[in-house]
Amino acid sequence: MCKTLVLADIVPLTAGNPNEICVECDLTDSRAVDALLEGADTVVHFAGYPREAAWEVIIPANILSVTNLWEGALKNKIRRIVYASTNHVVGMYPVDRKIDVSAEMKCDSRYGVSKAFTEIVARFYYEKFGLESLGIRIGRCEDEATDERMLSTWIHPQDLVDIVALGITQPVKADLVYGVSRNSKGWCINPPFEQFPYSPRHSADDYSAKIAAASLGAAARGEKRQEWRMQGGPFADYEYVGDPARATSFYRTPNSVSVAE
Ligand SMILES: NC(=O)c1ccc[n+]([C@@H]2O[C@H](COP(=O)([O-])OP(=O)(O)OC[C@H]3O[C@@H](n4cnc5c(N)ncnc54)[C@H](O)[C@@H]3O)[C@@H](O)[C@H]2O)c1
């Protein structure tokens, strides 16, 4: 698919194929990023800090890295960036709502805010400079769904690979897609795409019996069932203070909460 694939990380990587080159690069170093992007056509950006943390951790990994990357992409005339966002950009929605990518952002964590920032940067660079992007609001990417929340949020690695491949090859502007498999209990819904034919091959539904049996076993052992009010689950509950209905009842544009099924 590509002549040369440059794999970059702050830690050393090992090439898996003859067309791969590994480069150590700290994305917080703008000069290193500019050099990394020289001669490139497309960037797939999955680096960063993938969970909640203090701003001291989030800002370099997920904010400064992003400004360096998009600025470097502009200088180097990169065609497109396909990047990892997260469901935690909308993690404060209640679990009884289904939303599509037009729903207003309701971040559940500093981490979610940093990904919302990335989505805004991506849109700005498209509208102002024509730099295309696809943001993938990934749910939880694992080989198998193993808990009740994952019945809604799970994506199989192959489905995620499919989205990235489509993101590289299909026409996009500064689009967003939910990175979830075909889960009947999903909260985040992708509308039918005309030019972006993502068709998940996997479904968390295949694990629902196993998860239900594990829940029954846990209940029999007297373990408390984990129930989440908000789609962000533990990210949304962590540090939450005061009125439990505050986050789930506040909308600037109530009509943006759309059921896309
Ligand atoms: N794994 C999931 O289920 C999931 C869900 C939602 C979103 N995401 C997003 O997908 C991406 C990958 O997630 P992951 O779980 O594989 O995380 P990971 O921590 O395994 O991988 C992130 C990589 O980024 C690198 N990195 C961190 N700071 C860097 C810097 N300054 N310069 C260069 N490289 C740097 C790390 O060394 C690491 O190899 C992240 O952006 C994450 O937020 C993942």
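Student: Which helix does V113 lie in?
Tutor: V113 is part of helix α3. Keep in mind that this is a predicted model.

Student: How many other C-beta atoms lie within 10 Å of V113?
Tutor: There are 18. A residue needs 20 or more to be buried and 12 or fewer to be exposed, so V113 falls in between and is partly exposed.

Student: How far apart in space are V113 and T86?
Tutor: They are 9.9 Å apart, C-alpha to C-alpha. In sequence, 27 residues separate V113 and T86.

Student: Okay, back to the helix. Which residues in α3 are buried?
Tutor: The buried ones are Y111, G112, S114, K115, T118, E119, V121, A122 and Y125.

Student: And what do the buried residues of α3 pack against?
Tutor: They pack against α2, β4, β5 (132-138), β8 (174-179) and α7 (234-237).

Student: How far apart are the end C-alpha atoms of α3, and what span should its 20 residues give?
Tutor: The helix covers residues 110-129, and at 1.5 Å a residue it should span 28 Å. Its end C-alpha atoms are 28 Å apart, so the two values agree.

Student: What follows α3?
Tutor: That would be G130, and its phi is positive, near 80 degrees.

Student: New topic: the ligand. How many residues surround it, and which are the closest?
Tutor: The ligand is surrounded by 18 residues, and the closest are L27, A47, P50, A84 and I138.

Student: Which elements each supply at least two residues of that shell?
Tutor: Those are α2 (55-75), β4 (80-86) and β6 (140-141).

Student: How does the shell divide into nonpolar, polar and charged residues?
Tutor: Around the ligand there are 11 nonpolar residues, four polar and three charged.

Student: Is K77 buried or exposed?
Tutor: K77 has 11 other C-beta atoms within 10 Å, and the cut-off for exposed is 12 or fewer, so K77 is exposed.

Student: And what about E239: what is its phi?
Tutor: E239 also isn't a glycine, and its phi is positive at about 70 degrees. E239 is in the loop between α7 and α8 (246-249). With 10 other C-beta atoms within 10 Å, E239 is exposed.

Notes. Residues are numbered from 1 along each chain as its sequence is written. This is a predicted model: local features need pLDDT of at least 70, side-chain atom pairs count only at pLDDT 80 or more; totals for chains, interfaces and linings use all residues. A residue is near a molecule or strand if its C-beta atom, placed from the backbone, lies within 6 Å of it. Helices (H or I, at least four residues) and strands (E, at least two) are DSSP runs, numbered from the N terminus. Ala, Val, Leu, Ile, Met, Phe, Trp, Tyr, Cys and Pro count as nonpolar, Asp, Glu, Lys and Arg as charged, and the others, Gly among them, as polar. The expected span of a helix is 1.5 Å times one less than its number of residues. Two residues are in contact if their C-beta atoms, placed from the backbone, lie within 7 Å.
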